[in-house]
Amino acid sequence: MRRSRRARVTYKANIISKTKMGQSESGQFHVASRDFKPRSDSCSGLRSDVPLAVVEEILLNLPAHQVVRVCRLVCHEWKELVDSASHWRERCRREGIQPQDVSRPPVNWRQFYFLTKKRRNLLKNPRAEEEFSGWKIVQNGGDCWTVEDNSVEIPHFTVAKYFVTSYWLCMKQQLIDLKKEGYSAAFMDQLQPHIKISDWYAPRCDCGSMYQICVELLDQKKKPINTFEPEPVFFPQWNDQQWCEGTSSQAK
């Protein structure tokens with residue numbers, strides 16, 4: 001008989017996910033207003049023939065990094081256009097990027113845009129598609145960790161496989177180096193982006209189980225700066241075996 005599972009997911013950011021018995025699939029605006037100044041004679045080339053509204057439309061169809069690194073340097077008018085909040089607000093609108101709380105718009109729309117575009121799942125092999133690649137097994141009790149085919153639907157997701165624990169304690173962890181993932185120390189210290197934590201878990205129907213997760217943000221010496229560790233979740237024997245999602249958004 002299998003019992004609970006514990007999984008420890010350790011980022012640099014450090015995530016610890018613990019569970020006893022069960023299975024888991026480890027964790028995932030309006031047309032711009034013209035708020036820039038009138039043109040001067042400093043802009044050459046297109047300045048006399050192409051209205052700034054047309055230039056803006058062209059820029060909105062170019063990659064954002066190219067607009068910042070190249071187009072912004074063409075002339076004073078283009079710089080003001082690229083630096084305007086309206087340009088980045090419109091980019092966000094067109095790409096379906098919105099703040100979580102629409103009543104509190106970002107102070108810096110360009111920063112918000114690039115932070116959102118940079119957002120991605122930092123876990124390696126979160127859905128057990130490559131067995132245990134990327135994970136470190138910390139505890140392997142009972143019949144040990146394994147991977148099985150998913151037979152219970154997860155809302156809004158198509159997941160073919162999941163991690164399965166056994167009776168007695170099972171723990172796994174993953175360390176993510178944020179610097180290697182492109183998040184420099186200056187970036188983390190100055191912008192302090194929110195870290196979204198999400199993990200799906202489910203019990204076996206024929207035995208009780210316990211699930212727990214811990215996420216730690218570590219400094220360069222791997223000492224915790226911030227820790228997210230909610231209370232353990234307990235499941236009784238003969239349950240409905242439904243998937244549950246644990247989620248939180250943590251500031252750096």
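1. Angles under 35 degrees count as roughly parallel, those over 145 as roughly antiparallel, those from 65 to 115 as roughly perpendicular, and the rest as oblique. Such angles run from 0 to 180 degrees between N-to-C directions, and the axes are lines fitted to C-alpha atoms, taken for helices over the stretch in contact. This note applies these terms to a predicted model, in which local features need pLDDT of at least 70 and side-chain atom pairs count only at pLDDT 80 or more, while totals for chains, interfaces and linings use all residues. Residues are numbered from 1 along each chain as its sequence is written, and side-chain values use heavy atoms, with hydrogens and water left out.

2. The contact (heavy atoms within 4.5 Å) is made by Glu56, Glu57, Leu59 and Leu60 of H1 together with Ser86, His87, Glu90, Arg91 and Arg94 of H4. By class, the contact of H1 with H4 has 2 nonpolar, 2 polar and 5 charged residues, where Ala, Val, Leu, Ile, Met, Phe, Trp, Tyr, Cys and Pro count as nonpolar, Asp, Glu, Lys and Arg as charged, and the others, Gly among them, as polar.

3. H1 also meets H3: the axes of H1 and H3 come within 11 Å and cross at roughly 60°, and the two helices are therefore oblique to each other. H1 passes H3 in a right-handed crossing, a crossing being right-handed if the near helix is turned clockwise from the far one by less than a right angle, and left-handed if anticlockwise. On the H1 side the contact is made by Leu52, Val55, Glu56 and Leu59, and on the H3 side by Glu77, Trp78, Leu81 and Val82. The residues of the contact of H1 with H3 divide into 6 nonpolar, no polar and 2 charged.

4. For H4 and H5, the axes come within 8 Å and cross at roughly 30°, and H4 and H5 are therefore roughly parallel to each other. The crossing of H4 and H5 is left-handed. In this pair, Ala85, Trp88, Arg89, Arg91 and Cys92 in H4 meet Trp109, Arg110, Phe112, Tyr113 and Phe114 in H5, and the residues of the contact divide into 7 nonpolar, no polar and 3 charged.

5. Which residues of H4 are buried? They are Ser86, His87, Trp88, Glu90, Arg91 and Cys92, buried meaning under 20% relative accessible area, exposed over 50%, and partly exposed in between (1.4 Å probe, protein chains only). These buried residues of H4 pack against H1, helix H2 (64–69), helix H3 (76–83) and H5. In H3 the buried residues are Glu77, Trp78, Glu80, Leu81 and Val82, and what covers them includes H1, H2, H4 and H5. H4 is followed by Gly96, whose phi is positive, near 70°.

6. Asn125 lies in the loop between helix H5 (109–118) and strand E4 (136–140), and at 9% relative accessibility Asn125 counts as buried. The side chain of Asn125 reaches the backbone nitrogen of Ala128 at 3.4 Å and the backbone nitrogen of Glu130 at 3.0 Å. Leaving aside neighbours within four places in sequence, Asn125 is in contact with Glu130, Glu131, Phe132, Ser133, Trp135 and Phe163.

7. Gln212, in strand E9 (residues 209–218), is buried, with a relative accessible area of 10%. The side chain of Gln212 makes a polar contact with the side chain of Glu229 (3.3 Å); a polar contact is a pair of N or O atoms within 3.5 Å, of which, within protein, one must be able to donate a hydrogen and the other to accept it, and residues adjacent in sequence count only if both atoms are side-chain atoms.

8. Two loop residues complete the note. Asp143, in the loop between E4 and strand E5 (146–149), is exposed, with a relative accessible area of 53%, and touches Ser166 and Tyr167, not counting residues up to four places away in sequence. Gln242, in the loop between strand E11 (233–235) and strand E12 (244–250), is partly exposed, with a relative accessible area of 40%. On the same exclusion of residues up to four places away in sequence, Gln242 touches Tyr201, Ala202 and Pro203.

Notes. Helix = DSSP H or I, 4+ residues; strand = E, 2+ residues; numbered from the N terminus.
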